[in-house]
Amino acid sequence: MVKACIFDLDGVIVDTAVYHFKAWKRLANHLGFDFTEAENEKLKGVSRVRSLQLILEWGGVKKTTDEQSQLADLKNSWYVEMIQGMQPDEILPGAKEFLLTVRNAGLKTALGSASKNSRTILEKVGLIELFDSIIDGNTVTASKPDPEVFLKGAQSLGFNPADCVVFEDAIAGVEAALAGGMKVVGIGDSATLIGANLVVAGLHEMNLDKLYKL
Ligand code: B16
Ligand code: MG
């Protein structure tokens, strides 16, 4: 029987990809090349430093490790500025309702995100109180598809991986959850989220019945 739900943030609870896109595009333009929405799609669930490395490759630009770290900081400063204005109406459809449903059913909740800005985002949209534990880019060393973020999530709640269900919109996150021995609900397209136990368009399509049948 499922005892806990672990949620990815971007693409599951809120759509921060739009802000990441604006900030990365600004950085690419600052370096003299462009950055497309199709390229941004490939960065979902990917860590900040790895995202920068991919963007520099796509733009054909080489930077030293020190320069990379300065550029990542610059992008993050623009991104942080943008997320300061986030509001509760930016919560994705059904996310708050499903969090309340699972909590009312006595299940625990954790966040399992690659973002180092997850607490700010959850505070701005007013959801921080609905998570028993937050595991994010500040707590983990290995990026998805490594299962570390979800294993730490399960551990922080005091449950075995097999007692937890992960909700993820990125294929790397689906792979991470499966590698950790958890059930996973994909948020998005079943052609992309291969291996997920169930794929739904969003948390508005989830309910306890579907959760217990996984
Ligand atoms: P930050 P998730 C991920 O969030 C984003 O999808 C990805 O685009 C971003 O690069 C990553 O967080 C790191 O974010 O720069 O705020 O530390 O889907 O894992 O919740
Ligand atoms: Mg995501």
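User: What makes the largest pocket one that lies between domain 1 and domain 2?

Analyst: Domain 1 (4-15 + 88-212) and domain 2 (17-83) both give residues to the lining of the largest pocket, so it lies between them. The domain bounds come from an automatic or database domain assignment. This is a predicted model, in which local features need pLDDT of at least 70 and side-chain atom pairs count only at pLDDT 80 or more, while totals for chains, interfaces and linings use all residues. Residues are numbered from 1 along each chain as its sequence is written, chains are lettered from A and ligands numbered from 1 in the order in which they are written, and side-chain values use heavy atoms, with hydrogens and water left out.

User: Why is a space of this kind called a pocket, and which residues line the largest pocket?

Analyst: On a 1 Å grid over the protein atoms alone, a pocket is an open set of points with protein on both sides within 12 Å along at least five of seven lines, whereas in a cavity a 1.4 Å probe fits but cannot get out. Lining residues have an atom within 4 Å of a point, and 38 residues line the largest pocket, with Val 46, Ser 47, Arg 48, Ala 114 and Ser 115 nearest its centre. Two or more lining residues come from each of α1 (17-30), α3 (48-59) and α4 (65-83); the largest share, eight residues, is that of α4. Helices here are DSSP runs (H or I, at least four residues), strands likewise (E, at least two), numbered from the N terminus.

User: How is the volume of the largest pocket defined, and what is its value?

Analyst: Grid points are joined across faces, edges and corners, and the volume is the space filled by probe spheres set on the points. For the largest pocket this is about 610 Å³.

User: What places the second largest pocket between the domains?

Analyst: Domain 1 and domain 2 both contribute to the lining of the second largest pocket, so it lies between them. Its space is about 410 Å³. Of its 21 lining residues, Glu 41, Lys 44, Asp 169, Ala 170 and Leu 193 are the closest to its centre.

User: Which residues count as donors of the magnesium ion (ligand 2), and what makes them donors?

Analyst: Donors are N, O and S atoms within 2.8 Å of the metal (3.2 Å for Na, K and Ca). Asp 8 (OD), Asp 10 (O) and Asp 169 (OD) lie 2.0 to 2.2 Å from the magnesium ion, so they meet that limit. Their spacing in sequence is D-x1-D-x158-D. Water is not among the atoms, so sites may look incomplete.

User: Why are Cys 5, Cys 164, Leu 203 and Met 86 called buried?

Analyst: Buried means under 20% relative accessible area, exposed over 50%, and partly exposed in between (1.4 Å probe, protein chains only). Cys 5 has 0% and Cys 164 has 1%, so both are buried. Leu 203, in the loop between β6 (198-200) and α9 (208-212), is buried at 2%. Met 86, in the loop between α4 and α5 (95-104), also counts as buried at 2%.
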